[in-house]
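Please look through the structure shown here, one part after another.

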Amino acid sequence: MKSTQSALVLKHLLADLIREILFLPVWWYTIGLARMVVWCGQSIKGAAQTTGLSIWAKNLFVPMYGETTISGKLISFFMRLIMVIARGIATFVWMIVALLLFVAYLAVFPLSILGILYHGLGMVFV
Amino acid sequence: MFNFFCVIARRSHRRRGNLVVYAVPKRLLRRQTPRNDKSMPNGFSINKKTYIALNLDHHVMEERAAKASSLRTISGISFLASMILFLAGAGLFVYQNGFTTFPEIATFFRPTFSLMLFSVGVLVGCFSFMHQSEITRHLVFIPKRDRNSLSPELVTVDAGQKDTIDIIQFFHPSALKALDSAFVLAERFGHARVEPIHVFVGAIEDDAASILFGRLGLSFEKIKDPISRRLSTRQLGALSGLDDAAEQVLLFAFRNAYLEDRDHVTALELFFEAFKAEPYLADLFQEQGVSAEQFENMVEWIRIHEKIQDQYKRFQKAAASKPTGAMNRSMTSVATPILDAFSEDLTADAVYGRLPMMIGREEEIEQVFRVIEGGRESALLVGPHGVGKGSVLAGIAALMVEERVPDVLKDKRLVKISIPHLVSGVPIETAQERLLLMLDEVSRSRNIILALMDLEQLTADLAPLLNEYLSRGASFAIATTTPQDYTESIERSVLGRIFQKVSVDEPDQKSAIRILESKIGGIEYQKKVIFRYDAVEKCVKLSDRYMHEQYLPKKAIEIAREVAEHVAKSRGENGVVTGEDVAKIIASKTGIPVTNVAEDEKMKLLHLEDEMHGRIIGQDEAVKAVASALRRARADLRPGSRPIASFLFLGSTGVGKTELAKTLAATYFGSEQMMIRVDMSEYQDTRSIDKLIGAPGSKQGGLFSEAVRTRPFAVVLLDELEKADPAILNVFLQILDDGRVTDALGRVIDFTNTIIIATSNAGTQYIQDAVGRGESTNAIKTHLLEEELRTIYRPEFLNRFDGVIVFKPLEESQIVEITKLMIAQVTKRLEGKGIGFQVTDAEVLELAHKGYDPKFGARPLRRVVQEEVDNAIANALLEGKVQRRDTIVLDVGGVMSIQKGQAL
């Protein structure tokens, strides 16, 4: 009985492997790409949440530390502006990293095939 | 365990010669359809969708298992291959080009084996990435339940019905494995259908089932033979799939997971539902001492444990981004130095894991949120000490960390003010100033919700300040108090107007068991012990029954801690805490024998009459009635809502009524001192009811009610009951009926652990005359109840007693026996001084004769023994006639001689 079960597993294994290998190029630029876009969006959103960008922007005109004097309000506004800019930059940097990863995703699949062909054929023919 | 049944199956086949040949399915995937031979509902309707268990058979299960195995294999191989190729290529490339300098760009364009290897590694990595992504993409989760939605409805699905959803896709690998095992088992036994018992055995190897068996103190060994016998009676034939009951097991397991907000159906749910669906299993477990309710509570314990783990993971994630200082995330708050000095930040405590995880108070928290969201009112949690008001506050703090709270509570912190710190050691003006400064900080900070434990502690000078502050709507507060303090100090005060009451009631036993189950993990970790289920159950049930001054769940948690400590000390690391350990602790606290009846005690109980006759001479009926009541109580057969037993003893003075009550106290409660004696002649008018249960408006309970409140496990002796006022008897009417009475302070005094004995001299003359005429005891009792006592007690009062017992006047022969008992007491007293004592039979008869008086029973005898024996011995001792090792011999006529002992 164990051998029949193993045969069944092997059968599935081969079928799945062939199907997935054939499906890989299509998947990479359809379903995979869509998932990558979602991941990039979520990652940038997460970065903005971690830096608290929206909270700082929302409270731009709210005095910090309960300081309601004119000078306090002014200092608070500029301080918050600086913080919004600094946190904005941090979020932007993360956005760039996420976009780079996205570009890398787009390129990695054809590059790996090119690499195999170039180096494989090159070794044979050069 | 499962393998054991497979072996049994093989033997069974050999016996029956019915070897089932496994057939490999021709098709890869059989089309599954709802079965069309439905005799019972086969689906659940949730949000207009129908979830069903499609017709599963062994081939489908094998296909699923093979598919899962294939996917796992591809995952492992592709990941491993990509890593090896990638690292080998990169390593070879670095080796060829040196470690020190980065190679020129042209090097990458020179065809090499290493870069080809690297490229292949990257491509296999892409494949692995896709494979994993697809697996996670196809993961499906049980739909989330709306908070207010009802339990899903059972529906019948026809064979042709479309748009149904197969519940098997929500099954966790552990559940699929259990189902597969069920099919394998059915097939090996040659059974025609998979039934709940197969599913039960299939799930038995799951970790959760092992935990369940361990906690219940059961071993597989004890149930394997009965299950084998049950399996051998199932219908044989070619295996065609699940029977209706097993299909319902799957459906109900799915429903449980849905109601529990789980992502998947686990093996535990199958195990539990299979148990419920197979009455044979319930009988089998009952025989092993595990009821269906205990089994369910144990399943709930495992669920709670898993829930806490999920909750903890989610909480940790949220806690990482919650500020723990005075400052909120938007930095609009201000520093609060004065508030910080007199308070504790509960949200920060929650972040650092200092507060316990909350289980089972969601309803109360929801009510608090409704109060806060509803308007400008603050919430006041009202409940007795120990019911979990602090846990509700801790739960709110935890939700605030996760920001799963109404908008008004978001990005805020819950700060608990310590009222004793605020007011102690300073004049009231300073305390007022402190409070005002603190409230000012709170209002400027704008991110603080105040928590006030025991609001009644806020004095009349401070309450208006808080009231004024909260009335302005500057912030909210969540406070706690007890029902008594709420009525006395808050309800009609200024604070009563601003706080809206949210009741936190004592949980019932079932909920308390669940709350305790959620705490046991922490106690086990701390004390390094392991709790069995019966220990948890007894912590709740026994503390609820015998510790009336405190409330659940706190008293049960405290008992659990105490028992854990005791077991850790006595049995060392990993000691197992059992129900008996809990019973011992409760017994030592209360003096009530609540442990299981041991062998030697069984014998003692069965021969209780003989033991009692060691102190009571004659009065067979009374001794038998009392002994039977004790046996009932010890076997736990008594009703829980009435006193353990109640008797009315009738008879003249000196016949042994009080002595029997004392014997009872010593036998059942361990000491003669465990007797509350009430002289009813002190309660002769209506006003004396104040003395009994306290005067209305006073701050004290009654003498009697206080005595029982402080010693709820005792014999209550109501002496000379006939002298009490009828109004007093009405109070006892309720006590005898309900086992409780409410005192002047509104406290319920519990009598369910007392034995009530009332003595009465009413009808004494009649008893003596009737005994003299030789009437039977039954005839005397009937006449007493119908004639003599009618004028003194109302019939309904007499009916409340478990037994009305007539004590017959003592005969002279019984007086002789009592004399011997009294002499024995004297002998015992002298033994302590090293002096022997003997009384000749003639002298015993003489003493008995002198002490016998039919009217006064054995009472004159005590006086005679005192005068003729004790006095003579005392004189001899004082005169120095008797030394240690001497023996005093008392002969007829009170003649005393001394036998000198041997010199040392």
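Chain A has four helices and zero strands, where helices (H or I, at least four residues) and strands (E, at least two) are DSSP runs numbered from the N terminus. Along the sequence, the pattern of chain A reads α-α-α-α. The radius of gyration of chain A, taken over C-alpha atoms, is 26 Å, well over the 14 Å that the globule rule gives for 126 residues, so chain A is more spread out than a compact globule. That rule is 2.2 Å times the number of residues to the power 0.38. The C-alpha trace of chain A spans about 80 × 50 × 20 Å along its principal axes.

This is a predicted model, in which local features need pLDDT of at least 70 and side-chain atom pairs count only at pLDDT 80 or more, while totals for chains, interfaces and linings use all residues. Residues are numbered from 1 along each chain as its sequence is written, and chains are lettered from A and ligands numbered from 1 in the order in which they are written.

Of the 126 residues of chain A, 16% count as buried. A residue is buried if 20 or more other C-beta atoms lie within 10 Å of its own, exposed if 12 or fewer, and partly exposed in between, with C-beta atoms placed from the backbone.

Next comes the contact between the chains. It takes 35 residues from chain A and 32 residues from chain B; two residues are in contact if their C-beta atoms, placed from the backbone, lie within 7 Å. On the side of chain A that touches chain B, the elements giving two or more residues are α1 (2-29), α2 (31-51) and α4 (70-125) of chain A. The largest share of that side, 13 residues, comes from α1(A).

In chain B, helix α23 (residues 533-546) and helix α24 (residues 554-571) pack at an angle of about 130°, with their axes 9 Å apart. That makes α23(B) oblique to α24(B), a word for angles that are not under 35 degrees (roughly parallel), over 145 (roughly antiparallel) or 65 to 115 (roughly perpendicular). Among the residues making this contact are Cys539(B) of α23(B) and Ile559(B) of α24(B).

Further along chain B, Ile616(B) sits in the loop between α27 (608-613) and α28 (620-634). Ile616(B) is buried, with 24 other C-beta atoms within 10 Å. Leaving aside neighbours within four places in sequence, Ile616(B) is in contact with Val623(B), Gly656(B), Glu659(B), Leu660(B) and Thr663(B).

Terms used: Axes fitted to C-alpha atoms, helices over the stretch in contact; angles between N-to-C directions.
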